[in-house]
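Trainee: I'm new to this one. Could you take me through a single part of it up close, the sheet and what packs around it?

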Amino acid sequence: MSDDSKKSKRAGEADKETEETPIEEQHEDIPAQSKTDDAAANVEDTVEVSGHPPAKIEDILPDQLVLYPLGGRPFFPGMLTPIQVEGSPYYDTIRYALDTPGKMFGIILSHAEDGDKVFNADQLFKFGTVARIMEAAVNEENKQVKLLAEGISRFEIVEIVKEEPPIVARVVHHDKASHKMDVEIIKPYTLAVISALKDILKYDSLYQEQVKMFLSRHNFGEPDRLADFVASMTSSKREELQEVLETLDIRERLEKVLVLLKKELEMVKVQDKISKQVEEGISEHQRHFFLREQLKEIQKELGITKDDRTADVEQYRARLEKLTLTEEAAKKINDELSKLSVLETGSSEYGVTRNYVDWLTSLPWGVHSKDKLDIKRARQILNRDHEGLDDVKERILEFLAVGKLKGEIGGSIILLVGPPGVGKTSIGRSVAQAVGREFFRFSVGGMRDEAEIKGHRRTYVGAMPGKVMQALRLKKFSNPIIMLDEVDKIGASYQGDPASALLEVLDPEQNNEFLDHYVDVRFDLSKILFICTANQLDTIPRPLMDRMEVIRLSGYISEEKVTIARKHLIPKQLEKNGLTKGHIRFSRESLRTIIEGYAREAGVRRLEQKIGAISRKAAVRILENETQIPIQIGQNQVEEFLGKPDFRDEKPLSGVGVVTGLAWTSMGGATLDVEAAFYATGKPHLSLTGQLGDVMKESAEIAYHYILGQCTELGGDLGRIEDKSIHLHVPEGATPKDGPSAGVTMATALLSLTLNKPVSRQLAMTGEITLTGQVLAVGGIREKVIAARRVGLRELIMPETNRKDFEEVPDYIREGFTVHFVRKFTQVPKLVFD
């Protein structure tokens, strides 16, 4: 059902439509064949009663009414409302009303929001309005009725005659004749209502139209009709309007209506204020817009400026004067500028073309920065920014020296490999500063879309060039230093393989004609110095690594970390936390304690974090005046600030079947204890624990079978392990371990079982073993030497083939070590056992 009586506050509009347009024209959508005849559809204002003069309609109101519930707002006497009933349980209600002599029924407000949901009389208010049907159209087939109803007078339910639809009730009528009005008392209230109504009319023209329609049918001399009209005009709550409907005394009704009208006036004032503010903002914006447009036209007439399209084209051509374009680029840009000059500025293609030309003319075609190939200056910068890493610095200086002799250093790709926090990125910045080139860094870790490298095709919305082109545009030179961070963590997906896209970027034979998908013009990248960083080489695709020159950064020993902390980390953290050297001081012993107990990794990142933590706690104490300034951080104060150490002292294990090995991890070097034990089971078996990888498991099996075959020649007792289960364990089982360098260590542990002898002195070893007893080379020698120094081991066993690697380790790291180089495992027992 569609009940437009919910909008009864605008019911006056229906009055206007009724006055200005015949009812038949207002309801042209009602089928002609469904309209009742004139006698049934139109009820005159007077009714002829046999033997008596004509009577007014109010004088023949029935005692029983069929009730039609409303869900929205109450319906007042004197108002008009259209009603449409379709497929509703109240179709029979309207049919019932049409069959009555006066075509009357009761419109009453329900407690439910939806009148159609009212199925019994308990949900109805007690007061309502008698309505007469002025015109109706019935469609019997669809059970549809459209009608126009006029409110006659108030009624009050006395008794419910029929509970279910159509609901019938016995009622008592309350018309104005039953409530005599004292004109002198009522008049002030009427004038107050009219005055408030005039105030509202100043703000909203819609109210003016409603008042005109009211005056066309009534006048202000009818205070009861005036009160009902004003109440229906307001946007008050349904309960407040129902209270007005139920108020029979005219004076009290006018009082309540006056309150509602005052509320409406305040609301209308606020609405008017908001509307004016919005209009003022819009008007000011429009005024500025028109002024700007007029200014453009005036400037154009005077030749001071051009339109947007001409200005864009001239701007781009001005850029070209400073560039050295290739033939291909010049042709492409000129074609696009010609295209741009004929496109409409409002078209979408103009925006796409403009962005493309903007990119083409923003790239540094033929613009190079001048290199500062001063080796002495470069050495000073590297020494200033980095402590230790002498071999790395020398390698970089060699690289720069070769570039100076050649006259250029372009076309080279350096790969810096090392644990986190050893200064790979900062070395790249130092190289850029030493050479005098612009520096741009971006990370390729986790990158899965090749468009990040080679750009998107311009057919896509929001397309952009790749990172390399973005770097060139930002730095405004075609020979910057570009650092690709985390190349060992580059990804791949269905969208493409970024590692393969990097091949064209990093290959000196190809990147002189690099083709970005967005730019779509070949650009020379051969003058760019690419510096890549990685934590390990295993995950870097081999074709990509073949194009790079690898420089390893192994990490720092404790003394280097102490120096780095004093020169770089402490000043940086003091400045970061608002402190000065006068607030806090670190002793060498405290730094060494932090390094050994809290920051034992190869780099210095965690060391910096711990210094920052101490600085923050010191700042709190200074502000709370709990300590004297400067705060002295000694060896004993470290635990007070940082809590218990994260690392315990690494003391190599000892005993029969226990040998210390050396291992390399992505975090640097580490010592690794290997334990071997046996127990009788009647058949030989090898058990491995400690979360070992496949390569390490193979090394264990090789060592086991080698000792079984060579036990007697090596001086061991084969009977001690023959027909027994051997258990080989590498402690710290929660840490995954893999690699071939533990073969010699495992074989020595098994040999210790057969000899029933422990290792005679504290030493560590590394090397891969074969089934014939050959000791093969391993990697990570520098890291392993640093790990041995950290735990206090000064005697090492290494493969002979690693002698060259050991000799390349800086002297200050090798100092104090005794190293035994072996070719075959048969040399190991003589060094390990007495």
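**The open sheet and its helices**

Mentor: Five of them make an open sheet, running in the order β11-β12-β15-β10-β16, with parallel pairing. Keep in mind that this is a predicted model. The edges belong to β11 (439–443) and β16 (549–552); each has a single partner strand, so one side of each has no neighbour in the sheet. On average, neighbouring strands here are turned by 20° against each other, ignoring direction.

Now zoom in on one pair. Strand β10 (residues 413–417) runs parallel to β15 (residues 529–534), and five bridges join the two. Within that pair, valine 417 sits opposite alanine 534 in β15.

Next come the helices. Helix α14 (residues 390–406) packs on the sheet and touches β10, β15 and β16, its direction making about 150° with that of β16. Helix α17 (residues 467–475) also packs on the sheet, touching β11 and β12 (481–485), and its direction makes about 150° with that of β11.

In general, an α-helix has 3.6 residues a turn, so residues three or four places apart point the same way. Finally, aspartate 374 caps the N-terminal end of α13, with a side-chain oxygen 3.1 Å from the backbone nitrogen of lysine 376.

How values were computed: Residues are numbered from 1 along each chain as its sequence is written. This is a predicted model: local features need pLDDT of at least 70, side-chain atom pairs count only at pLDDT 80 or more; totals for chains, interfaces and linings use all residues. Side-chain values use heavy atoms; hydrogens and water are left out. Two strands pair if DSSP finds at least two bridges between them. Helices (H or I, at least four residues) and strands (E, at least two) are DSSP runs, numbered from the N terminus. Axes are lines fitted to C-alpha atoms, for helices over the stretch in contact, and angles run from 0 to 180 degrees between N-to-C directions. Contact means heavy atoms within 4.5 Å. A polar contact is a pair of N or O atoms within 3.5 Å; within protein, one must be able to donate a hydrogen and the other to accept it, and residues adjacent in sequence count only if both atoms are side-chain atoms.
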